[in-house]
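Please look over the sequence and the structure shown below before reading on.

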Amino acid sequence: STIHGDLHPHFIVLPIAIVFLAALLDERMFPSRVADRGSAVPRMVPFAFAAFLLAAIVGISTWELPVGAVALTLLAGRAIPLQPLFSRERLLFAGQVAIALVGTYVLFLPFYLNFAAPPSSPAFKIATSSLGQFLLVFGHMLFPVAALIGVDVWRRRTDGAGTATAGGGEWRHLLWAGAALALVFALMAGNAVLPLLAILIAAALILAYSGDQADRSGYLLIAVALIALLACELVYLRDSYGEKLYRMNTVFKLYFQAWTALAIATPWCAYKILSGAAVPSAFRAAFSGGLAILLAATACYPIGVTQDRMAWGRARTLDGNQYLREHQRDDWAVIEWVRANTDTNAVILEAAGNPYSYFARISSNTGRPTVMGWSNHEGLWRAHNPEVGQRHSDAQRIYESPSLDAVRPLLAKYGVRYVVVGDLERKEHPAGLPKFDALPRAFESGNTVVYQVQ
């Protein structure tokens, strides 16, 4: 996303999401230990700030709400002991969380009153994720997580560090029982990712509440990330991608959030292992070697793709139009002319095509409306509205029809003021282009001509 400059909501929200996690992890705002209870009003100030951040996050990217709510609940309430279950402190915290979640909607109420989201609904389905492919994506981050959990479980195997959860060492029995159930479930469902995540989540939560409170924030942040990953194996949001790609958006958005949380938690895990006096030196050495190999392996892509994008043989620039000036000079001349000589609402017809391509180059770089740009994207955002396909078809008809009189009603229907004929149009619609010579030429540069509709 960074290399592509991908200004979609999931990427735009990233810095605010990191500030939100930082606020939840800040001991001055949400301490790990219960101190003086004090008045409920001052204690709402950190929740109000968290609600403001979460409101901005959800307003930018609605996909952030479930994971954000889980993070708020687990991290902001880390100081509250598990027992008794219905304590004054817990009831007060539940009210604070509820007010904060309501605030995320109220603070952006003018936006929601005028916002129409594409139709979608949650659904349940056990995925069949490949364990190898899953570890290819998250293995380098889960390695320190699993190593730290293993070290803590090994370190507490003979002590009584379980009294806060289940009394004595019974937490270990709960963990083994949960692991066995998860394994059986995974074998039945044909999904090895499920037991891995279930075991790690259970272990992270148990260790968070059965050991040093100073470590609770780290383990709970791990749990937040793993819960997001587990959700991808069990639930998805029905959207316009259809049955074949039913999980694509869910995995894409939740993996991005899990990646962010793990990117913060993983260095903490590595630090705990490498600095822990109780960790055997042989284990630290093996862990260091494994971590170094994984870091080197995962660095191949960002280093390689950055080197490729830096284009060492050319002058480097942040100007997104430079490629047009260098390689599409005729089209660039048209873009400059349109910017300087046409009304901002003038409809310009150009070839319509697939996303992530050169189609819609005039409208994209001038802000002028067109009949249809990237048809696939328009269809997804508009829930496959039939008008999208109709517009794409009409744009093709205007270019390919041999008669100008036959397409004048379509030009009038969409209010087309200018028709662009360049190398892209000649490649896509070679048959019907001569008819436009009957129109006056408003501008031309090399092989690119702009015809004015009268």
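The lining of the largest cavity is made up, by class, of twelve nonpolar, four polar and one charged residues. The model in which this cavity is found is a predicted one, and a search of the whole structure turns up one cavity of 30 Å³ or more. Its lining counts 17 residues, of which Ala17, Leu21, Glu64, Val67 and Gln257 are the closest to the centre. The largest cavity holds about 170 Å³ of space, and at least two lining residues come from each of the helices α2 (14-25), α3 (40-60), α4 (65-76) and α11 (248-275).

The protein chain has 19 helices and six strands, and of its 454 residues 43% count as buried. Among the contacts in the protein chain with a separation of 6 or more, 69% are accounted for by residues 24 or more positions apart.

Leu229 lies in helix α10, which spans residues 216-234. Is Leu229 buried or exposed? Leu229 counts as buried because its relative accessible area is 0%, and the cut-off for this class is under 20%. When its neighbours within four places in sequence are left aside, the residues in contact with Leu229 are Phe134, Phe138, Leu197, Tyr255, Ala258 and Leu262. Leu229 and Phe256 are 27 residues apart along the chain, and their C-alpha atoms are separated by 9.8 Å.

The strands can be followed from one partner to the next. Strand β3, residues 347-349, is joined to β4 by three bridges, and these two strands run parallel, with Ile348 standing opposite Tyr418 in β4. Strand β4, residues 416-421, is in turn joined to β6 by four bridges, but here the strands run antiparallel, and Val421 stands opposite Val449 in β6. Strand β6 also pairs with β5, residues 441-445, in the antiparallel sense and over four bridges, with Ser445 placed opposite Thr448 in β6. Between the strands of the hairpin formed by β5 and β6 there are two residues, and in this hairpin Gly446 takes a positive phi near 60°. How far are these strands covered? Five of the six residues of β4 are buried, so that strand is mostly covered by the cut-off of under 20% relative accessible area, and β6, residues 448-452, is also mostly covered, with four of its five residues buried.

The last stop is an open space. About 1,800 Å³ of space lies in the second largest pocket. This pocket is lined by 44 residues, and those closest to its centre are His4, Gly320, Tyr323, Ser357 and Trp374. The helices α12 (281-310), α13 (322-327), α15 (361-366), α16 (375-381) and α17 (386-400) each contribute at least two residues to the lining of the second largest pocket. By class, that lining has 15 nonpolar, 18 polar and eleven charged residues.

How values were computed
Residues numbered from 1 in each chain as written. Predicted model: local features only at pLDDT ≥ 70, side-chain atom pairs only at ≥ 80, totals over all residues. Heavy atoms only, no water. Buried < 20%, exposed > 50% of the residue type's maximum accessible area, 1.4 Å probe, protein only. Contact = heavy atoms within 4.5 Å. 1 Å grid on protein atoms, 1.4 Å probe; cavity = no way out; pocket = protein on both sides within 12 Å on 5 of 7 lines; lining within 4 Å. Points joined across faces, edges and corners; volume = space filled by probe spheres on them. Nonpolar A, V, L, I, M, F, W, Y, C, P; charged D, E, K, R; others polar. Pairing = 2+ DSSP bridges.
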